[in-house]
Amino acid sequence: MDWNKIFKNAKTCKMIYKKSVFFIICICIYIFQISTAFAQEELPKIKLKIGKHEEFYRLVFVFNNTEILQSTSVNILKDNKIKVSSSEDFQIEYKDKVLSDNEKLHGIGIKKFDKSFIFEIPSLSDIKVYKLNSPPRLVIDAYVNEMLNGKFSVLIDPGHGGRDKGLINNNVSEKDIVLYLSKEISLKLAQNGIKNILTRVSDEEVSLKKRIEIANNQNPSIFLSIHISQENLFRLYHFPNEKTQITKKLISNLKEKILKNFSEPVVIEEIPIYLINKINSPALLIEIPQKTLLNEKKYLNKIVDVLSQSLFEIGKANEKFTKNK
Amino acid sequence: MKNLQKINKKIIFILIFVVILASTVLGYFFFFKKDGEKITNQEEQTTEIFKLILPLNNSLITKEIYVKKENGELKKLEKVLEFFFNELPQPMNETKIHSIFRDKENKIYLNLSSNFATSRDAKNEFYLIKGLYSTIKTNFNWITDVKILISNEEKETLSGHIPIESLKESMEAK
């Protein structure tokens, strides 16, 4: 018996066996990939339509059959998010284009997670959901706190907040003074019929990025950020070569009123401050005198009167101009 | 004849004296002056000139500093920044540089002590950051961007008005 030959044959058999197993595994993987690709392509598509109204966004999902519509559920999550999920995986088509896993449409962030889509809507307060037939569709009306689009509106930004106290004098911090002023101005403007909102309403930390995001989502007629100066003067910051008429008018109106009502001087600064540069709407940053840190209510209320009166006059003039146009 | 010989000797003596004196004077000017030049050349070779752009009364001023030559760009940067911080008012003049890093895109990460992040108004903060960024960019043009960390932590701003994640973005706004 030639043991060597037998050994060689056994080795060759083993090699062939190993190769064929490897080949079969490869084919299986290939078939699996193709099948999943086909399966993905066959995912049911749901058509999405988005409408922006004065007080709400309307999201309409048009389905191919009622079964998927019935299995679809809608929930509100934390942080202004709506979750639309179904028992089956699905794709969303917007204007004949299948949405990717991370999209932004009309200021609404859309993300896909497994068998659900998350819609992030800024300042979301409430939702109303309707399921309708012929064609089968799901309608979500997402109500937002306030939309500043349309009429003259002001977005008031009290600087600092939370751990960022700003300037401090005898336990009185800038963050509290500017919040007080902003709330009072907001109230006065509302009493005079001017739409306005605040970037923060309590002692919370709001990043500059978030403030810019709020401003660019709300698109106000004017963005006014309130801070305190290290000196006893009023400083009005606007971006160099500011071309918007509304900012120019507000600066000139404020300057006139401050000089009439206060002994402190007014300085107008053309500095490319990041915050006012990144905001699409006309933006102004005002620094009020350091003595406001003494927290004298009479003096603070005088500032409230001047600022709100100035904004009111600019608003009225703007509405008149728009009507005439 | 004797008198003539005496006069000749005197002339020769005077001539020798004049030659010695002239050579001494020439030698002094030639060698001593050259040595002096050598000394100043050596000084120039061991020092480098940098420009500090400092915030002062809500504007910027420029100062020149002469610093001993250092090997390595980050060492030089650290030295220049130490001078920059020393020129600032209290408490910023006590700012310590914990560390400086550089990434592959030549963005610099400055890890500074909390003295640098004190409360100030928007204008003061703007000029402080502008001064720091301009000092770095003027002297080290290879640096593409600067990010400031305060005591090993990422902060959005120093005093609530200007982001410090990318000084390029904050300062080169158009």
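This briefing walks through a two-chain model, from overall make-up to single residues.

The structure is a predicted model: local features need pLDDT of at least 70, side-chain atom pairs count only at pLDDT 80 or more, and totals for chains, interfaces and linings use all residues. Residues are numbered from 1 along each chain as its sequence is written, while chains are lettered from A and ligands numbered from 1 in the order in which they are written. Chain A holds seven helices and 19 strands. Helices (H or I, at least four residues) and strands (E, at least two) are DSSP runs, numbered from the N terminus.

**Chain A overall**

- Chain A has 325 residues, and 32% of them count as buried.
- A residue is buried if 20 or more other C-beta atoms lie within 10 Å of its own, exposed if 12 or fewer, and partly exposed in between; C-beta atoms are placed from the backbone.
- Take the contacts in chain A between residues at least 6 apart in sequence: 71% of them join residues at least 24 apart.
- Two residues are in contact if their C-beta atoms, placed from the backbone, lie within 7 Å.

**The six-stranded sheet of chain A**

- An open sheet of six strands runs in the order β15-β12-β16-β19-β17-β18, with mixed pairing.
- Two strands pair if DSSP finds at least two bridges between them.
- β15 (195-198) and β18 (266-270) of chain A are the edge strands; each has a single partner, so one side of each lacks a neighbour in the sheet.
- Neighbouring strands of this sheet are turned by 20° against each other on average, direction ignored.
- That angle is taken between axes, which are lines fitted to C-alpha atoms (for helices over the stretch in contact); angles run from 0 to 180 degrees between N-to-C directions.
- Within chain A, β17 (residues 234-238) and β19 (residues 283-288) run antiparallel, joined by three bridges.
- Here A:Tyr237 sits opposite A:Leu285 of β19(A).

**Other strand pairs in chain A**

- β11 (residues 137-144) of chain A pairs with β2 (residues 56-62) of chain A in the antiparallel sense, over seven bridges.
- β11(A) is also joined to β10 (residues 124-132) of chain A by eight bridges, again antiparallel.
- A:Asp141 in β11(A) stands opposite A:Arg58 and is the bridge partner of A:Lys128.
- β10(A) and β11(A) form a hairpin with four residues between them, and A:Ser134 in the turn has a positive phi of about 40°.
- β3 (residues 73-77) and β4 (residues 81-85) of chain A pair in the antiparallel sense over five bridges.
- One bridge there links A:Leu77 with A:Lys81 in β4(A).
- The hairpin of β3(A) and β4(A) has three residues between its strands, and A:Asp79 takes a positive phi near 55°.

**A:Asn80 in its loop**

- A:Asn80 lies in the loop between β3 and β4 of chain A.
- With 18 other C-beta atoms within 10 Å, A:Asn80 is partly exposed.
- Leaving out residues up to four places away in sequence, A:Asn80 touches A:Glu120, A:Ile121, A:Pro122, A:Ser123 and A:Leu124.
- From A:Asn80 to A:Asp126 is 46 residues in sequence but 9.2 Å in space, C-alpha to C-alpha.

**Helix α5 of chain A**

- α5(A) has 17 residues and reaches 24 Å from first C-alpha to last, close to the 24 Å expected at 1.5 Å a residue.
- The expected span is 1.5 Å times one less than the number of residues.
- The buried residues A:Thr247, A:Leu250, A:Leu254 and A:Ile258 belong to α5(A).
- They cover an arc of only 60° around the axis, which puts them on the same side of α5(A).
- The arc is that of the directions from the helix axis to the C-beta atoms.
- The face of α5(A) turned away from its buried side carries exposed A:Gln245, A:Glu256 and A:Lys260.
- A:Ser252, also in α5 (residues 245-261) of chain A, counts as partly exposed, with 14 C-beta neighbours inside 10 Å.

**Helix α2 of chain B**

- α2 (residues 73-86) of chain B has 14 residues and reaches 20 Å, close to the 20 Å expected.
- Its buried residues are B:Leu77, B:Val80, B:Leu81 and B:Phe84.
- These fall within an arc of 100° seen down the axis, so they line one face of α2(B).

**Where the chains meet**

- The contact takes 23 residues from chain A and 15 residues from chain B.
- On the chain A side, α6(A) gives the largest share, three residues.
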